[in-house]
Amino acid sequence: MEVQVAQCAERLQRQEKEIKFLTAEVDRLKNYGCLGVSPNLEGLREENAKLKYRLNVLQKSLQEERSRSKPSKGMININSRLQDIFGVAIKAAYPDLENPPLLVTPSQQSKFGDYQCNSAMSITQILLKTKEQKVSPREIADKIARNIPDNECIAKIEIAGPGFINVHLKKDFVSKQLSSMLVNGVQLPALGERKKVVIDFSSPNIAKEMHVGHLRSTIIGESMCRLFEFVGFDVLRLNHLGDWGTQFGMLIAHLQDKFPDYLTVSPPIGDLQAFYKESKRRFDTEEEFKKHAYRCVVLLQSKNPDFIKAWKLICDVSRKEFQKIYDCLDVTIIERGESYYQDKMSDIVKEFEEGGFVQVDDGRKIVFVPGYSVPLTIVKSDGGFTYDTSDLAALKQRLFEEKADYIIYVVDSGQAVHLQTIFAAGQMIGWYDPKVTRVTHAAFGVVLGEDKKKFKTRSGDTVRLIDLLEEGLKRSMDKLKEKERDKVLTPEELKAAQTSVAFGCIKYADLSHNRINDYIFSFDKMLDDRGNTAAYLLYAFTRIRSIARLANIGEETLQKAATQTEIILDHEKEWKLGKCILRFPEILQKILDDLLLHTLCDYLYELATTFTEFYDNCYCVEKDRQTGKIVKVNMWRMLLCEATAAVMAKGFDILGIKPVQKIGVLQIEVQNMFLHKPEAALLAGLPQLLSHRRRAGHLFLPGARGVPTACLCKGS
């Protein structure tokens, strides 16, 4: 069926091109007084109308076939599914419209349904401009609604206001999708063709310590890699290290002076940053040392073995320090620094020269790119290559050797003009077509201190990244002890909670902000367990995971229930939570399009708060208030808890956040105090519980109206 649709659409496209050509010919002849109408044109128009009708029939049949077909193991992107359905309806209603707008969004208010199609207003404007037809949006919406094919997901359609099409989903459709997700796991449909994406991120400089400026590129890049890997891309994670250049001349010269036996005895360079500063001071103040440094650069670039060894020694010291950071942040990355491209640069210069793009300016070889006022310098006046040359070589290698379909540079906004010029040069010389290969700069703003200035130490120095992470660990432990978590967790559990909260909070604080903007770094805000923070979400996740455990419901029981129990969505909070869970694929699709990861953070926060509304209003486990014994387990609601936790876990994984089984919410104490006591004892124990809450922080599920997590019996 899909093949037939594609063939019919292709024939239609060919005919429409021919019709345009013949129409233009007829208009040209009319201008010369030949008023006859081409019979060939009329015949084509008649056949074209038949083809359009046939295509609409086939597309409707395809939609119906999809509705009846065996469900995929991957989660359905409901928004995309609705766009397919409305695309068919709009094409059937207005077959002459080319590329009609498809505007489908989740409804902001439940009274307007679950989703809205807002295409009618745009189509009104198109018809008025292109065909001079004045049709009301409501009339267009009505025509679209009448042409919606049979499908598995829409229960009813309502037209509201000037022409909004409100969509109500079928409850059994949502229920089946939730069950499918629980059985098959949180996964997306397989990509038709596995594409390759190269992500360039982190990129510190050798002999310099990673500082707070590298934090954003490293965190954002790692999360992007995880997202693309999850949806099925072949991801190459690249660390474009600054490991080549004139600075290595002064470093090697200083190494030779300080450790003359470096070729036979490994030099004990403890602090490479101090070593770099010493060599830079000598380079700036000692003329003889400066000359020696230049000679070292020449010998290094000529691949002298002794100088290559010195260079590798310096690089190895830096690598060990970088790896400490990557281990803390759970980052995996392949090193491919500027040195990797050195042998490719002569060919890059030659290719631009042969293409006629090179101009000579005061001994430099430069390339002007249309639309950019500052040229690229590909050869300096002394014959050396530049960052422009190495970046062009890197771009070409990724396009031709790696055969990338998509290249993403996670680099700060200050490099925007440079990178756009590099990309434009690649297009100009014919390396890639942007319609086929996507090359993108995922720019990000700077990290600010709480004074809203660039984040620096009190002495004005750049904050070392390792110091920042160690401070995060210290503050995380202080927070846990303040809440007396150390009294309820084993040392191993406390250590796991410390690292989970510390590094999770640092990552989330960055990722939850729009990467394009600057953001203010504040440990106090990121460690706050209220609001849209990692601390809040980690506590919420741990509590959701504990619900089944406290009710003595094991994983096997939940897995069996997922295959046998229908998920009922009659309560408005059940319905709201079910729909929110299933929006996960469309959230990820949006991020794949715009690379803005804060959308995922906003979604996870929305999911957590939506779950709280559900949990506040719906019994999961019912107990006898006198004896505390379980009298009923509402298993479909337990499955909703499990589905929420599964999606949150996958969201955390994409963000690079590691939740832990226990953060110390005093659940056992709460359970012992209340679960098996009659109502009078429960009421008598409330002051003691509230005292615990004041001392130990939030005991309750976030947002719950003063009901202990362990009681589990709330709502209606």
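Begin by selecting Phe228, Phe233 and Tyr406, which ring pairs link into a cluster. Rings of Phe, Tyr and Trp (its six-membered ring) pair if their centres lie within 6.5 Å; planes under 30 degrees apart count as stacked, over 60 as edge-to-face and the rest as tilted. The model is predicted: local features need pLDDT of at least 70 and side-chain atom pairs count only at pLDDT 80 or more, while totals for chains, interfaces and linings use all residues. Residues are numbered from 1 along each chain as its sequence is written, and side-chain values use heavy atoms, with hydrogens and water left out.

**The whole chain**

Next, display the entire protein, whose secondary structure comes to 25 helices and 16 strands. These are DSSP runs numbered from the N terminus, with at least four residues for helices (H or I) and at least two for strands (E). Of the 716 residues, 51% count as buried; buried means under 20% relative accessible area, exposed over 50%, and partly exposed in between (1.4 Å probe, protein chains only). Among contacts (heavy atoms within 4.5 Å) between residues at least 6 apart in sequence, 74% join residues at least 24 apart.

**A second stop among the aromatic rings**

A search of the whole structure finds 14 aromatic pairs. For one of them, select Phe352 and Trp431: the ring centres are 5.8 Å apart and the planes stand at 80°, so the pair is edge-to-face. Phe352 belongs to helix H12 (residues 345–354) and Trp431 to the loop between H14 and S12, so that the pair links distant parts of the chain, 79 residues apart. Both Phe352 and Trp431 are buried.

**Strand S11 and its partners**

Return to Tyr406 and select strand S11, residues 406–409. Both faces of S11 are covered: Tyr406 and Ile408 on one side, and Ile407 and Tyr409 on the other, are all buried. Strand S5 (residues 196–200) runs parallel to S11 and is joined to it by four bridges; two strands pair if DSSP finds at least two bridges between them. Here Val198 stands opposite Ile407. Strand S12 (residues 438–441) is also parallel to S11, again through four bridges, and His441 of S12 stands opposite Tyr409.

**The open sheet**

Move to the four strands that form an open sheet in the order S1-S2-S4-S3, with antiparallel pairing. Strands S1 (104–106) and S3 (154–160) stand at the edges, each with a single partner strand, so one side of each is left without a neighbour in the sheet. The twist averages 25° from one strand to the next. S1 and strand S2 (residues 115–117) pair over three bridges, and Thr105 has Gln116 as its bridge partner in S2. Helix H3 (residues 78–93) lies across S1, S2, S3 and strand S4 (164–169), running at about 145° to S1. Axes are lines fitted to C-alpha atoms, for helices over the stretch in contact, and angles run from 0 to 180 degrees between N-to-C directions.

**Cysteines and a hairpin**

Select Cys117, which is buried at a relative accessible area of 0%, and then Cys315, buried at 1%. A search of the whole structure finds zero disulfides, a disulfide being a pair of cysteine sulfur atoms within 2.5 Å.

Finish at strands S15 (residues 621–623) and S16 (residues 630–633), which pair in the antiparallel sense over three bridges. Glu622 stands opposite Lys632 in S16. The hairpin has six residues between the strands, and Gly628 takes a positive phi near 80°.
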